[in-house]
Amino acid sequence: MVQSIQIFDPIKTKKTAKRNRAIFVSLCIFPSLLFLVMFMYYPIVETFRLSFMKSSGLGQDRFIGLDNYRKLFVSEEFRAGLVHVLTWAFWSIVIQLPLAFFIAFSLTFYVNRVSKPMRAIYYMANIMPSAITAMLGKFVFSPNNGILNNLGNQFGWDWLSNMDFLGSERLAFWSVFAVATWAYTGFPIIYLMARIEQMPKEFKEAAELDGVTGWKYAWYILLPNLVYPLRILAVLCTIGSLKLFDLPYMMTTGGPGHATVTLGISLYRQGFINWQYGRASAIGVIIFLLSLIFTIIQFSGKKEAA
Amino acid sequence: MKKFTLVCLALVLVPLMAFAQGQSDTAAKESGPVTLTIWGRDIPDTAADHIYVHDLIEGFQKANPDIKLEYIPLGDPGLADKTKITMAAGVDQLPEIVQSWGGSVMGGYADAGRLLDLTSELASIPGSKAASDAMSWKGKTYGVAPFFAVAGIFLNEDIFARNGLKAPTTIVEMEAVCDTLLAKGIQPFACGAKDKWPALAMYMYLVNRYGGNAFDRAQARTLSFADDAFVNAAKTYQMWVKKGYFGTKPLGEAYGDAQQQMAIGKAAMMVTGSWMCSQFSNKEFTDQKIGFYAFPVVTGGVGKVTDVMGMTDIGFFATKNAEAKKDAVVRFFKYAMSVEACASEPGRICAVPGVPAKAELTGMASKVFAASQSVQFWWDQDLPPAVTSPLNDTIQSFFLPNSDVASSLKAFEELVIDEMGPVKK
């Protein structure tokens with residue numbers, strides 16, 4: 001009779017444990033990986049593929065090479081959208097960020113009974129749904145019964161009551177931008193406040209000893225130390241502008257003419273109204289690539305700062 | 001080792017069991033009474049403009065207890081967007097019935113094989129030809145339209161009476177009326193050009209009155225959209241905008257604002273669809289007396305007063321997903337087109353014979369419809385979707401004082417060439 005003897009082999013046991021762990025980890029990762037592939041990477045690849053197709057979303061797609069891109073760049077609507085998002089990004093950086101810095105500094109440096117509720121008030125616009133922000137914007141700029149129009153009528157200021165804030169090609173973009181500035185400045189304020197409050201107290205004490213107080217402290221001490229956060233905010237502003245859709249769409253639907261159209265609005269119209277899935281995908285690709293370029297800029301900035 | 005195997009098995013089996021549970025739920029659902037899912041636009045409440053859908057659902061359920069209706073209101077543009085996305089995904093996720101205006105959008109779905117051909121089943125249902133045509137595509141019928149709308153002039157009778165004015169029958173008379181109204185500080189027209197599509201109704205009529213069937217020819221590609229009829233109509237339109245016929249801020253005002261201007265008597269006229277009859281007849285909405293008239297003719301022009309622009313007001317089509325439930329769908333469509341179901345509608349023009357107009361205003365609109373010799377389907381429901389939004393953009397550009405309408409139409413024609421081909425010589 002042959003008796004089998006089990007010999008304890010530490011190397012084999014270690015290998016088995018390692019293999020089991022690998023299987024376990026793979027099984028745990030699998031659902032999230034599947035989710036990412038299905039809902040993120042596949043749509044990105046599919047968007048790139050569709051951008052080279054003539055597609056209505058129904059029936060057969062036809063390969064047309066770069067024709068969608070060519071048609072976009074000769075389309076007045078797309079060009080207007082591109083110019084608008086870049087203009088929007090530029091002015092967001094030039095107006096919203098200095099404003100945010102100014103408010104963030106005021107709220108952290110001059111702490112009193114008013115400053116605490118003011119923090120909540122400034123941020124409140126940021127947490128409101130875009131639909132409500134747009135409604136409030138319309139409430140202010142509406143041509144016949146808006147606050148500004150009524151104000152003009154009340155004081156007999158015809159120049160104000162005659163202004164068509166949302167219906168004039170000249171004013172519509174800036175009216176929407178004004179609402180956006182009110183709504184979107186909340187986040188940079190909170191972000192900069194957090195960064196200012198994180199700074200060592202010694203900075204402030206040393207500056208005070210040298211007689212650098214108030215706005216001089218803001219300009220000479222704080223600002224140089226906030227260059228990197230401001231750069232990140234600038235990149236976020238730019239990417240946010242490239243994807244801009246909700247506020248201008250709900251306030252003006254991109255009009256009058258193409259006065260407030262953005263790449264997002266153009267994409268929506270091409271895909272859902274005009275049934276031009278290929279062209280809509282091409283806009284999606286352009287937004288993606290532009291966002292990628294700005295993200296790379298962000299990372300290169302990080303390296304530099306490091 | 002055993003423990004490890006169990007954990008791995010659980011990781012794999014739990015999602016599988018959840019999936020199987022979902023499948024068995026679906027199977028259980030299907031074994032009950034026939035369920036028809038309907039994607040609709042309006043909330044089925046008892047508000048004046050929703051009452052028909054409300055009574056249709058309730059009435060059909062009472063009369064057909066063996067069929068369960070699941071009505072899902074998706075609003076606007078929710079219904080259009082969701083339908084489009086789901087159609088693109090295939091047939092399986094589609095409901096059995098979708099509310100629709102028919103026309104080219106429905107035609108696109110029909111071409112892609114997503115709709116159920118009910119030509120023979122619906123042939124016996126009595127109704128207006130224009131409404132039936134609207135729910136047909138390339139000779140096949142896919143649904144029904146119990147209500148049909150025509151465009152015309154809603155006119156404030158009180159303002160006209162106070163100023164000794166009569167409903168205009170020619171464009172020259174209409175311009176004289178507008179000048180008189182402007183001189184008295186009354187805005188001649190409400191439009192809602194901010195929303196783009198409301199500006200189309202007047203332009204369709206102007207093109208027809210100048211060029212007769214110019215649109216039909218342009219659609220058939222025997223005429224350019226930059227032809228004289230289109231350009232002259234656009235020039236007239238822009239001239240009226242510049243004269244202030246649409247107020248000082250026409251592009252800042254949406255369709256809802258235009259309705260309000262009519263409701264409070266700020267504007268004297270509005271060229272739009274007869275779907276507004278119920279609202280303009282509602283004393284809670286307006287205390288003004290409003291009438292409905294055919295659009296005037298151009299003296300020496302080609303179009304006639306009996307050429308009318310129209311579109312489906314309420315319609316439904318069946319999807320290919322309803323193939324197994326064809327009988328239930330046909331029963332629903334027949335009920336939707338019954339006098340009983342249509343009787344509750346307070347304001348729309350009914351396409352079903354034997355349903356009297358409840359409101360005086362609807363009666364006026366019905367007369368315009370009844371007198372029509374040709375009904376041109378609303379352009380943005382008739383042209384391929386690829387060019388309808390640019391069409392509305394083009395028409396909105398007529399409201400910009402410095403825009404060159406001829407260039408705008410030429411740019412639109414180039415887009416049409418791209419999508420529908422060049423003009424055939």
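1. Helices here are DSSP runs of at least four residues, numbered from the N terminus, and the element names below follow that convention. The model is a predicted one, and the values in this note should be read accordingly.

2. The second largest pocket holds about 810 Å³ of space. Its lining consists of 29 residues, and those closest to the centre of the pocket are Ser75(A), Glu76(A), Glu77(A), His258(A) and Ala411(B). Helix H2 (67-74) and helix H3 (76-109) of chain A, as well as helix H18 (385-397) and helix H19 (405-420) of chain B, each contribute at least two residues to this lining, and the largest share, 7 residues, is that of H19(B). By residue class, the lining is made up of 7 nonpolar, 12 polar and 10 charged residues.

3. In chain B, helix H16 (residues 360-371) has 12 residues and spans 17 Å between its first and last C-alpha, which is close to the 16 Å expected at 1.5 Å a residue. The buried residues of H16(B) are Leu361(B), Thr362(B), Met364(B), Ala365(B), Val368(B) and Phe369(B). Because these residues cover an arc of only 160° around the axis, they lie on the same side of H16(B). Glu360(B), Lys367(B) and Ala370(B), which are exposed, are carried by the face of H16(B) turned away from the buried side.

4. Over all chains, a search of the whole structure gives 55 aromatic pairs. One of them is formed by Trp157(A) and Trp159(A), whose ring centres are 6.1 Å apart and whose planes meet at 20°, so the pair counts as stacked. Trp157(A) is partly exposed, at 36% relative accessibility, whereas Trp159(A) is exposed, at 54%. The rings of Phe173(A) and Phe177(A) are also stacked, because their planes are at 10°, with the centres 6.5 Å apart. These two phenylalanines are 4 residues apart in helix H8 (residues 172-184) of chain A, a separation of about one helical turn. Phe173(A) is buried at 8% relative accessibility, and Phe177(A) is buried at 3%.

5. Which peptide bonds deserve a check for cis geometry? The bond that joins Gly255(A) and Pro256(A) is cis, with omega about -5°, and Pro256(A) sits in the loop between helix H13 (246-252) and helix H14 (263-273) of chain A. The bond from Asp76(B) to Pro77(B) is cis as well, with omega near 10°, and Pro77(B) is placed in the loop between strand S2 (67-73) and helix H3 (78-89) of chain B.

6. Lys138(B) belongs to the loop between strand S4 (136-137) and strand S5 (140-141), and it counts as exposed because its relative accessibility is 64%. Arg221(B), in the loop between helix H10 (214-219) and helix H11 (228-243), counts as buried at 3% relative accessibility.

7. Gln260(B), a partly exposed residue at 41% relative accessibility, lies in helix H12 (residues 255-263), and its C-alpha is 35 Å from that of Glu413(B), 153 residues away along the chain. Ala176(B), in helix H8 (residues 171-183) of chain B, is 11 residues from Leu165(B) in sequence and 9.6 Å from it in space, C-alpha to C-alpha.

Terms used
Residues numbered from 1 in each chain as written. Chains lettered and ligands numbered in written order. Predicted model: local features only at pLDDT ≥ 70, side-chain atom pairs only at ≥ 80, totals over all residues. Heavy atoms only, no water. 1 Å grid on protein atoms, 1.4 Å probe; cavity = no way out; pocket = protein on both sides within 12 Å on 5 of 7 lines; lining within 4 Å. Points joined across faces, edges and corners; volume = space filled by probe spheres on them. Nonpolar A, V, L, I, M, F, W, Y, C, P; charged D, E, K, R; others polar. Expected span 1.5 Å × (residues − 1). Buried < 20%, exposed > 50% of the residue type's maximum accessible area, 1.4 Å probe, protein only. Arc of directions from axis to C-beta. Phe/Tyr/Trp six-rings, centres within 6.5 Å; stacked < 30°, edge-to-face > 60°.
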